[in-house]
Every structure is written in structure tokens, then in C-alpha cells.
Amino acid sequence: MTAHLRRRVDGALELRVNGVFVMDDAETSSERLLAQVVLDLGAHDVLVGGLGLGYTLRALLDGGADRVIVAEVEAEVVGWFADDTIPGGRELTADPRTAIETGDVRDIVTAQPPSSLDAIVLDVDNGPDFLVHDANAQVYETDFIEQCATRLRPTGHLCVWSMADSPTLRARLAEHFEHVEARDVPVRLQGRRESYWVLRGSRPR
């Protein structure tokens, strides 16, 4: 994958991967909601899949998380935080509660001890039906959802960002979690009205 950061003519900072728009800093409500959902449910130890522009990480830290492990596959993106190419990035990475690990989120989740996390938050692609990178399809498959469930504590939560609702993903979540929710997040994307989605599974069986 190739990550590219650019400043648009409207002043927004935009992140693209493989030439596809991923996010900008003009509309960050759904990324921040990922954090708020698990914070509201009492999460303190959280693993985040995907660093993006840092809005989920910042919301978790500002909301009082005790520990945030961030899995980011693109070393270049991690570097943009370390040298403040992404404004405020150095502050986020220097926070003692933050641990950024460069690598595939599947490997990093699997490496966590069982029942060690309150929440796993995944924002690694545009969702199961709008993939930027085909290999990320495995992130939304039953096997990896099961891996996530086993790393969560008995009252843990798995939260997934998606461009659209996914009945298939909800069904897979329901195989491992007692409560499944899909939340519509209205957004304005470069002047257009759109909806993003946050899908959540809670209370692993």
C-alpha cells in the first residue's frame, strides 16, 4: 500500500491510500465517535487498528483511557506523527499511555494476551464492501472477529468503522457477541451529505 498526505485547496489535510480517499481533518465525527462509544461503555485499555490522522487516538486519550495500543501498517504514517507532519502527532505519540506498533493489525491483535483489553476499535479500511486494499477483507471475516473476541475481557467491545452498514458483518459479530449495534453517523463530505457507520459487538459469549 502507498499512503499519501496532501493539503487541499480548501485547507483540509487529506489522507489517501493507493490513490483512494481515506479521510480528512474537515470531517472527523465518525472517527471520534469510535472512541466515544467505547469510552461511554467504560473502556480503559483499548487497541486501535489504524492510526489515520489521529482523531480516534486523541479522543481516547482526552476521554481518559489508561492505555491505547495503536496498530498501523504504514511506517510512513507513523513517521508523519513522529515528526509532526500531521499537526499534534508528536504530542499523541509521546503520551505515556500510547503504544504505537507498526505492522498488520491481525498480527498485533493476535499477539495480545487473552482477556487483556476492554475494547478493540478497527478503522483499517473503508469497510468490508469498499476495500482500499484487498488483503484487508480478512479483517472483517469470522476468524479474525473471533480472535478479537478472545482478546477482550468478559464485558469487552469490538467497534468497526465502515462507509456503509453491512448485514454480513453484523451477522459475523453476532456469532461472538450477545449485543450487536449499527449506528448511522450523518456527515458532510466535501459539501455532500453522506453517512458513515459504526458497527459494535459487545459482551463476548
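Q: Before anything else, what is a pocket, and what are lining residues?
A: On a 1 Å grid over the protein atoms alone, a pocket is an open set of points with protein on both sides within 12 Å along at least five of seven lines. Lining residues have an atom within 4 Å of a point. Please keep in mind that this is a predicted model.

Q: Good. What is the volume of the largest pocket, and how many residues line it?
A: Its volume is about 480 Å³, and the lining of the largest pocket consists of 32 residues.

Q: Which of them lie nearest its centre?
A: Those are Gly50, Glu72, Asp123, Val124 and Asp125.

Q: How does the lining divide into nonpolar, polar and charged residues?
A: There are 17 nonpolar residues, eight polar and seven charged in the lining of the largest pocket.

Q: Back to E2 and E3. Do they run parallel or antiparallel?
A: E2 and E3 run antiparallel and are joined by four bridges. In one of these, Arg16 has Phe21 of E3 as its bridge partner. The two strands form a hairpin with two residues between them, and Asn18 in the turn has a positive phi of about 55°.

Q: Where else is there a positive phi in a residue that is not a glycine?
A: Asp84 has one of about 65°, and Ser115 has one of about 55°. Such values deserve a remark because most residues other than glycine have a negative phi.

Q: Where are those two placed?
A: Asp84 is in the loop between helix H3 (75-82) and helix H4 (89-94). Ser115 is in the loop between helix H5 (105-110) and strand E7 (117-122).

Q: How does each one count in terms of accessibility?
A: Asp84 counts as partly exposed because its relative accessibility is 32%. Ser115 is also partly exposed, with a relative accessible area of 42%.

Q: Now E5. With which strand does E5 pair in the parallel sense?
A: It pairs with strand E4 (residues 45-49) over five bridges. There, Asp45 has Arg67 of E5 as its bridge partner.

Q: Is E5 largely enclosed or open, and why?
A: Five of its six residues are buried, so E5 is largely enclosed by the rest of the structure.

Q: Let us turn to the helices. How far does H1 reach?
A: Helix H1 (residues 29-40) has twelve residues and reaches 16 Å from its first C-alpha to its last, close to the 16 Å expected at 1.5 Å a residue. Its buried residues include Leu33, Leu34, Val37 and Val38. Just after H1, Gly42 takes a positive phi of about 95°.

Q: Which residues of H6 are buried?
A: In helix H6 (residues 142-151) they are Phe144, Ile145, Cys148, Ala149 and Arg151. Down the axis of H6, these buried residues fall within an arc of 165°, so they line one face of the helix.

Q: What separates its C-alpha atom from that of Gly49?
A: The C-alpha atoms of Val139 and Gly49 are separated by 9.9 Å, while the two residues are 90 residues apart along the chain.

Conventions
Residues numbered from 1 in each chain as written. Predicted model: local features only at pLDDT ≥ 70, side-chain atom pairs only at ≥ 80, totals over all residues. Heavy atoms only, no water. Buried < 20%, exposed > 50% of the residue type's maximum accessible area, 1.4 Å probe, protein only. Arc of directions from axis to C-beta. Expected span 1.5 Å × (residues − 1). 1 Å grid on protein atoms, 1.4 Å probe; cavity = no way out; pocket = protein on both sides within 12 Å on 5 of 7 lines; lining within 4 Å. Points joined across faces, edges and corners; volume = space filled by probe spheres on them. Nonpolar A, V, L, I, M, F, W, Y, C, P; charged D, E, K, R; others polar. Pairing = 2+ DSSP bridges.
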